[in-house]
Amino acid sequence: MGGVALDDGPSGVKAPDGGWGWAVLFGCFVITGFSYAFPKAVSVFFKELIREFDVGYSDTAWISSILLAMLYGTGPLCSVLVNRFGCRPVMMVGGLFASLGMILASFATSILHIYLCTGVITGLGLALNFQPSLIMLNRYFSEKRPLANGLAAAGSPVALCCLSPLGQVLQYNYGWRGGFLILGGILLNCCACGALMRPLLAPKKPANELDGTPAVEVKKPATKKKLLDFSVFRDRGFLIYTIAASVMVLGLFVPPVFVVSYAKGLGYEATQSALLLTILGFVDMFARPLAGLVAGMKSVRPKCIYLFAFAMIFNGITDLGGSQATDYKGLVIFCIFFGISYGMVGALQFEVLMAIVGTEKFSSAIGLVLLMEAIAVLLGPPGAGRLLDATHKYMYIFLLAGCEVTLAAFILTFGNCFCMNKKPEDPQAKLEMAVTAAEREGLNSVGDAGDEEPKDGEHAKEKVTTMKESGEPNTETSL
């Protein structure tokens, strides 16, 4: 596995911020689209599945739920596999799993087979593609990383606008079995995207400019890389982010799930109601790269975490306002503002996590965060559904979603102000303090000895001068 070791992101490699990174960005764009849009696109086949297997709508809805649960809940497993084998092989195997699940599902004889094939196998395959693609994007971009994250996140609304109509065409012409088979073939493109994830190579040592001989390379002892680095939990910033993200996810996905039913409940036709999701997705498509562009500005990037908190507050207030909509015009306005805020959140969530934990620990951090979010994903929409069953009013579920997202913004903001907003100690400043202490000690010893022992004073000054030249602090004073 010699080539895989380089995929761990060697410390001597600087992110190219371009070049082959644009190919990596394209692969991440496609993978993000498949991962987020596929669970929604599969829903166009639900009516035929209900008729085929004589089940209810709630039974078919489990297909999308299992897909999302696998996408989020297998985060730690993806982290372990990436740290062990590297991003490229994991993604290519994941592409095979994603395709295999849909192909096997086309031969299903019961809804349980659909759960296993489409939900578990395809869901696992998409998860093995989604997380490694974000890790590689983080390694290839540094200065332009916010923009890269925004462009990659735009793959979700773009793919949704393409896959949903495609699913309807496939269902009309080939039935659900033929549609599943063709979608399985389309998912093989995940393997091609995985092949784009070329590991970064460590720079070669420069030759000696004086005599032309190659510089001597000092080999450091190899340290065994942790398959899953739990030390991120000692980072207060990571803990606050994880809590805030989990609370946010409780309400973030609720409005897109219920907005169509909300319009139908107001008496509008199904086609007119479904148009609301198209409006939301169209606005979301442009909001994500624009949010990434703004987050990459020099004046904004150091405060990117506050921009993320603002996006959540914006989203929460939009939900609260949407709860008061009484006609179609009000819902259209809600979808426009929700698309903007939803796109901002989607573009910034992983950028902020990358900024908090850094490149080295990101592969473990994202897996653990997605696991925590998986619990919230499984609780949020079903909990909102139960509230709807109890009250029969959409107003309350939109109010609940808005409060949850707004609470997450306050957790992140106040947590950053009181726990995360502390500058790390500068090692150079530590060195200067150590030298100053050594000088003071030397001068004191000279003053105590007076003129009787001038050699000791000179010896102390020589010791301080030597320490400055070597760049090593005095062991006693640094402790």
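Where in the chain is confidence lowest, and where is it highest?

1. Confidence by element. This is a predicted model, in which local features need pLDDT of at least 70, side-chain atom pairs count only at pLDDT 80 or more, and totals for chains, interfaces and linings use all residues. The pLDDT is the predictor's confidence in each residue, from 0 to 100. In the chain, the lowest confidence falls in helix α1 (residues 2-5), with a mean of 31, and the highest in helix α6 (residues 87-105), at 93. Helices are DSSP runs (H or I, at least four residues), numbered from the N terminus.

2. The average pLDDT of the chain is 79, and 79% of the residues score at least 70. Residues 1-8 have a pLDDT below 50, and beyond near neighbours in sequence this stretch makes 19 contacts in the model. Residues 450-479 also lie below 50, with 24 contacts counted in the same way. A contact means heavy atoms within 4.5 Å. Where pLDDT is low, the predicted coordinates should not be read in detail.

3. Numbering and atoms. Residues are numbered from 1 along each chain as its sequence is written, and side-chain values use heavy atoms, with hydrogens and water left out.

4. Cysteines. The structure has zero disulfides, a disulfide being a pair of cysteine sulfur atoms within 2.5 Å. Cys78 is buried, at a relative accessible area of 1%. Cys117 is buried too, at 9%. Buried means under 20% relative accessible area, exposed over 50%, and partly exposed in between (1.4 Å probe, protein chains only).

5. Thr242. This residue is part of helix α11 (residues 236-252). With a relative accessible area of 6%, Thr242 is buried. Leaving aside residues up to four places away in sequence, Thr242 touches Val369 and Met372.

6. Asp54. Although Asp54 is not a glycine, its phi is positive, at about 55°. Asp54 sits in the loop between α3 (46-53) and α4 (57-73). The relative accessible area of Asp54 is 72%, so the residue counts as exposed.

7. His392. A positive phi of about 60° is also found at His392, which is not a glycine. The residue belongs to the loop between α15 (328-391) and α16 (394-420). His392 is exposed, because its relative accessibility is 65%.

Definitions and conventions
Helices (H or I, at least four residues) and strands (E, at least two) are DSSP runs, numbered from the N terminus.
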